[in-house]
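Thank you all for coming. Please look at the sequence and the model first, and then I will go through a few parts of it.

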Amino acid sequence: DDGYDLWLRYTLAPAPQRAALHARATSIVAPGRSPLLASAVGELRRGFAGMTGVAPVMADRPAAGAIVLAVAGSRLLDGQALPLEGLGREGYVIRSATIAGVPVTLIAANGEAGLLYGSFALLRRAQMADWPARLDERSAPKVQLRVLNHWDNLDRTVERGYAGQSIWDWWSLPDWKGPRYTDYARANASLGINGAVLNNVNARPESLTAPFIAKAAALADVMRPWGIKIYLSARFSAPIEIGKLNTADPLDPAVQAWWRAKADEIYKAIPDFGGFLVKANSEGQPGPQDYHRTHADGANVLAQAVRRHGGIVMYRAFVYSEANPDDRAKQAYADFKPLDGRFDDNVIVQVKNGAIDFQPREPFHPLFGAMPRTPLMLEFQITKEYLGQNFSLAYLGPLFEEVLRADTMAHGRGDTVSRVVQGKVDPYRITGIAGVANIGVDRDWSGSTFNQANWYAFGRFAWDPDASSAAIAREWAAMTFTPDPRFVTPAVAMMQRSREAVVDYMTPLGLHHQMATGYHYGPAPWVHALARPEWNPVYYARADASGIGFNRTASGSNAVAQYAPPVAAFYADPKTTPDEELLWFHHLPWDYRMRSGRILWDELALRYQHGVAEVAAMRRQWAALRPYVDEERFAKTAAFLTREQHDAEWWRDASLAYWSSLSRRPLPAGVPAPAHPLEHYQSITLPFAPGN
Ligand code: BDP
């Protein structure tokens, strides 16, 4: 098994269950002709054919064991009293029911999208062997926009992509729409993902030219029957580069007219185009500040262009510049908080989960809860740029969950990031979650089987930000491998600990951004001479002979003050700051006494060691799961775990070699001396690393 089928494998169920499954999927009744409905029916047939060996027949009226798909108002639902209210167009109800005297499984919804999602939910139950005698399930997405961000370039390289080239074959589009696009759409629809931004936020202007609009339109045609809208990243200076204007000033009428005309052109080709994603005035990208305008001015010019077509603008708050050297973590809040309420009503500001950059662990971004009049869209990174990229077995469910459950205390206890994002803390007109995709042309899509779990978890959390990472892992493991609990239970336990292992062997106790320059793979805590201060790992760890950590309290950068007062107070004191975030907020002496009773130096060293030990434990665990896994996926995962173990030891040894050159303290018992002198680690470079 090369992993191509993801979690939609639909393998033949074991004989005893097969007959029971078939008895519940004898036929499909699905009046109507919409493309969404056709997708739902096609998938149900494919799925049950795979699992039972017999495709359900299409029927006009229910017979025993039929699966009945019907939207509200259908006569098939007469007398059923279904709780469809409040489900929106995408929610669904699945029920064991009796229609015309025969037992059926009913999938009902207010719109065809709901029937599609309900069909996948039923297939999930069948795949997990979790189909109770009386089905009664009701679900609706808690977030409107559930969007993948592809950082895919027009030349098919993928920024921070570790799964091969871009799946968008721009060169052969729009003429050739390969089957992989449909499989991509199916996989997303199975999770409820309803949007895809096709191109990199570091956007090329060409993506908005007529030939590329035609290519995007071809992809939109493939996605539409699966409930997915497409979006494009827009380069702010496009009016100059492709419009031949001499400015991109958002307040210039000619610029405004250009964006309107461009939007009209796009909507002509793609009537349901979702809108634009914008990265402006960040990492060299042009933006409104080039013209002394605000980010609100910048967002609004695009928003006005798409608004009459029903489009939106996702405007990123990932901004930092040399002008703000005292603490990079503070800049997004400093730039955006004063603009609260100044964005047009079809703008949503997209905020990374933490204030720096997709680190193995970050405290939640202080903008969450701080923008009552501006909808905020949460951005996660699914591709593991800073977490070992391809090779680490790092399930991100616990990371997503930790961020979503973090309490912003915006107005009081319980105002979690999840509730902010759902628009329940402040009433948002638009709600959304974005994930930077980890998808490429590799046969297994994501570079490794376990990386698929992160795509899966992203989609499930976007649907329900209050979901549980463990429950999601169980679904994924059961569908991707086998529902046999002898596999699922230990595999899930391993997944649940896997991200913490990465935190421990890379950046324990709140350390961050210690990765090598450029490709961000492997340790480089000593780097100090890059042009901008905040590009250097030493900027973040602030380690010297006296101690380690970034003082973000009032005596330091005072970044803590960007949080609501109770959160600020909690993080201002090292005694209340959790160990996991300690050095994010505090600079502490090497002999600072930790909760464990150990001194900081010893605790730090032991955390690295713990991370390494966890990877060793995962390798053993994986070896024990061999009987349940096909040869190909077993071998690749085993090889990657071996690589991860090497990387974990490298991280531990390089980091401790460097820190001990500053702390001048002996390693505690149980932590081996680094295998090589510091200079060895400092001399390692990785030419041709992917994804830059
Ligand atoms: C950083 C990546 C960089 C992205 C940037 C972004 O290193 O490649 O362009 O984020 O989010 O994490 O724009």
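By class, how many nonpolar, polar and charged residues does the shell around the ligand have? Before I answer, note that this is a predicted model, in which local features need pLDDT of at least 70 and side-chain atom pairs count only at pLDDT 80 or more, while totals for chains, interfaces and linings use all residues. Residues are numbered from 1 along each chain as its sequence is written.

The shell has 3 nonpolar, 1 polar and 6 charged residues, where Ala, Val, Leu, Ile, Met, Phe, Trp, Tyr, Cys and Pro count as nonpolar, Asp, Glu, Lys and Arg as charged, and the others, Gly among them, as polar. Among the residues that surround the ligand are E159, R160, K279 and F318, a residue being near if its C-beta atom, placed from the backbone, lies within 6 Å.

Let me turn to K142, which is found in the loop between β6 (136-139) and β7 (145-149), strands being DSSP runs (E, at least two residues). K142 is buried because 22 other C-beta atoms lie within 10 Å, and the cut-off for buried is 20 or more. K142 touches Q422, D464 and P465, leaving aside residues up to four places away in sequence, with contact meaning C-beta atoms, placed from the backbone, within 7 Å. The C-alpha atoms of K142 and T431 are separated by 8.6 Å, although the two are 289 residues apart along the chain.

Finally, the domains, whose bounds come from an automatic or database assignment: the centres of domain 1 and domain 2, taken over C-alpha atoms, are separated by 33 Å. Their contact takes 12 residues from domain 1 and 11 residues from domain 2.

How values were computed. Helices (H or I, at least four residues) and strands (E, at least two) are DSSP runs, numbered from the N terminus. A residue is buried if 20 or more other C-beta atoms lie within 10 Å of its own, exposed if 12 or fewer, and partly exposed in between; C-beta atoms are placed from the backbone. Two residues are in contact if their C-beta atoms, placed from the backbone, lie within 7 Å.
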